[in-house]
Amino acid sequence: IYRIQELLNAGEGYIGQTVTVAGWARTVRDQKNLCFIELNDGTSFGGLQIVVEDKIGNFEQVAKTNTGFSLKVTGNIVKSPAKGQLIEMLVADPTKHEVVIIGQADPEEYPMAKGVQKPETLRQKAHLRPRGNFFSAVTRIRNNLAYATHVFFQNNGCLYIHTPIITGSDCEGAGEMFRISTIFDNDISKIPQIKGKVDTAQDFFKKEVNLTVSGQLQVEHFCISMSNVYTFGPTFRAEKAHTHRHLAEFWMIEPEFAFADLFDNMEAAEGYVKFCINYILQNNIDDLQFLDKRVKPGLIDYLKDIVSKDFVRCSYTQGIDILLKAQQAGAKFENSEIKWGMDLNSEHERFIAEKVFQRPVFLYDYPKEIKAFYMKVTDDGKCVRAMDMLIPQVGELIGGSQREERYDVLAQRIKECGLKLEDYGPYMDLRKYGTVPHCGFGLGFERLVMMVTGVENIRDVIPFPRYHGSAEF
Ligand code: 4AD
Ligand code: MG
């Protein structure tokens, strides 16, 4: 069985050959003694046009198929007389060609049968969403972004470390963890025969555990032995945020670099994001053209613009100045009390990236009170060497920092943040035995997919979205 992408990409290469394809009918048009089927197998944006002649044995049944039917078809690849496609498949020789109907789909019931559907409607049909143009384009881009991620880090000498999902630590110190409470349902543990024999998760691990919010602390352990490393896995946050940018389960890419400072970190982050965009511009142009037309007009120019410019480096203090001056000049913010020390929210971040600089911006050196405990304290003791990458029309894509590598300063910060030093034994050891300056960042993978596809709601760029109030399947 040939992948349709391979046939379409080969230009005229398969003309004259008899091949077999398999997939799902997008459209079926029956014209008396001919039947036209557009077959799609998900491998490419466009499908393969198939022309079936009535000489074929089961023509009557084939002509009655519909959108959503799964078919396996053997025919001859020919030059297409129709505009807009180079090749098509002709099924005309009853001795060599055939259409096998594999699975039916009742047109009255098939949820994907009717024309263009809105993303929020499609979300209710998670199991069939990838059958449509929109979600299959997003899925192919998501796949290639994951691939490009590994290519980039592997080419730059980083080792892929698998960090755990179950952990006892709270990396961000924000208390947004999903606690793992029991292995078995409480009702089961009350059944007399197994009562007392069932462990809770806490009994099991002899401590309280939760789903990880970030693989950073663990990947740092490997950084302080193996230099440049990264992790790429699912992370979980019990945030009850109902925004377009938050999920309860999302994927994060977290590299960590040894003997490197905050500005090295920015350089790596900029190189990585540009590499990913270029990879998609080169490998998913059909998908991008569709999204440019149907989802976000100007998407391709927006992406080309991002890769063509240097990202800005702007300190938090400068950022506050910019916002204050803009406000004096008449800019309106919902959260209007702008002062040094405040946490910026997405309207401020987007204003800086979109309106002021019109390109991605690294905001760095934030007040330590609004950032996590592990970030390196600056010489004046007021800030930490944190950086956020802010993207026009998206907002925060990356959060990262140089890490505090000095034992005493870190111990002090842990106490200041109300955390228990004894919970960080191994992490502190890294500062005791051969400490080095190091840095890293976390990129929210779904936010990257949003940026590259132009999709506005994060729930439409992940196969099975989990958020407050929803976890289908
Ligand atoms: O800024 P955050 O919280 O940083 C960390 O977790 C660090 N430990 C990373 C590191 O230095 N290794 O999260 C990093 C990124 C954000 O910039 C955002 O893109 C994404 O993760 N993110 C979310 N994406 C979707 N839904 C959520 N609830 C998210 N929370 C963060
Ligand atoms: Mg952040």
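The closest cysteine sulfur to that of cysteine 383 belongs to cysteine 314 and lies 13 Å away, which is too far for a bond; a disulfide here is a pair of cysteine sulfur atoms within 2.5 Å. By this rule there are zero disulfides. Cysteine 383 has a relative accessible area of 7% and therefore counts as buried, where buried means under 20% relative accessible area, exposed over 50% and partly exposed in between (1.4 Å probe, protein chains only). Cysteine 35 is also buried, because its relative accessibility is 0%.

This is a predicted model, in which local features need pLDDT of at least 70 and side-chain atom pairs count only at pLDDT 80 or more, while totals for chains, interfaces and linings use all residues. Residues are numbered from 1 along each chain as its sequence is written, chains are lettered from A and ligands numbered from 1 in the order in which they are written, and side-chain values use heavy atoms, with hydrogens and water left out.

The domain assignment, which is automatic or from a database, gives domain 1 (4-103), domain 2 (133-168 + 215-471) and domain 3 (178-212). Five residues of domain 1 and six residues of domain 2 make up the contact, meaning heavy atoms within 4.5 Å. Between the C-alpha centres of domain 1 and domain 2 there are 45 Å.

Domain 1 and domain 2 bury about 480 Å² between them, with 51% of it on carbon and sulfur atoms; buried area is the accessible area (1.4 Å probe) that two parts lose on being put together, summed over both. Of the area that domain 1 buries against domain 2, 89% comes from Arg26, Gly42 and Phe45, more than from any other three residues. Zero salt bridges are counted between domain 1 and domain 2, a salt bridge being a side-chain nitrogen of Lys or Arg within 4 Å of a carboxyl oxygen of Asp or Glu.
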